[in-house]
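Please read them with the model open.

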Amino acid sequence: MSSQGTILANLLGIKSKTPETTLALASSVEKGLPVSAPDKFAGRISPLDVRGFAYRIVPKPTLERRRKHKQHLTTDESDRLARVAKVFAFGLEIFRDEAKVRDFLNRPHPMLDDKVPLELALATGPGADAVVNLLGRAAYGGGV
């Protein structure tokens, strides 16, 4: 079974000659993820609206400029993307099906005050933690 770092590296399109560890991923985020990372991940979390999702991570004009000049994402943008990828990866561990994870993340949930889990995860770290906690309840029989 793959480590969480390897799963996240795969979701974000990070290519490495050595297996990704969570610490190596943290370093990649700090340096700035590749400009291709939002599209790579969007293809998994939002396959019908890849560009629309990518623009939720980085505003369209900024992302287009970075693509044109082959620049990396900022640390903050990389952190937001990695945070959501981490939530998605945990969802995959629980549901074992990308479509089920997408459905869960895009549906308002009563245990999150009827907020959409993906929106919470995109907004703040504590929001992402709340979603991960809810997924953990599902994993350990607390139901979602």
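A polar contact is taken here as a pair of N or O atoms within 3.5 Å, where, within protein, one atom must be able to donate a hydrogen and the other to accept it, and residues adjacent in sequence count only if both atoms are side-chain atoms. This is a predicted model, in which local features need pLDDT of at least 70 and side-chain atom pairs count only at pLDDT 80 or more, whereas totals for chains, interfaces and linings use all residues. Residues are numbered from 1 along each chain as its sequence is written, and side-chain values use heavy atoms, with hydrogens and water left out.

1. The side chain of R83 reaches the backbone oxygen of A121 at 2.8 Å. R83 itself lies in helix α6, residues 75–95 (helices are DSSP runs of H or I with at least four residues, numbered from the N terminus). With a relative accessible area of 16%, R83 is buried (buried means under 20% and exposed over 50%, partly exposed being in between, with a 1.4 Å probe and protein chains only). Leaving aside residues up to four places away in sequence, R83 touches A121, L122, A123, T124, G125 and A128, contact meaning heavy atoms within 4.5 Å.

2. Helix α1, residues 4–12, and α6 have axes that come within 10 Å and cross at roughly 115° (axes are lines fitted to C-alpha atoms, for helices over the stretch in contact, and angles run from 0 to 180 degrees between N-to-C directions). On the α1 side, Q4, I7, L8, L11 and L12 take part, and they meet L81, A82, A85, K86, F88 and A89 of α6. The residues of this contact divide into nine nonpolar, one polar and one charged.

3. Helix α3, residues 37–45, packs against α6 at an angle of about 30°, with the axes 11 Å apart. That angle makes α3 roughly parallel to α6, a label for angles under 35 degrees. From α3, the residues A37, P38, F41, R44 and I45 make the contact with L81, V84, A85, F88 and L92 of α6. By class, this contact has nine nonpolar, no polar and one charged residues.

4. Which residue, Y140, counts as buried or exposed at 73% relative accessibility? Y140 counts as exposed, and its place is in the segment after α9 (125–139). The C-alpha atoms of Y140 and R67 are separated by 42 Å, the two residues being 73 apart along the chain.

How values were computed
Helix = DSSP H or I, 4+ residues; strand = E, 2+ residues; numbered from the N terminus. Nonpolar A, V, L, I, M, F, W, Y, C, P; charged D, E, K, R; others polar. Parallel < 35°, antiparallel > 145°, perpendicular 65-115°, else oblique.
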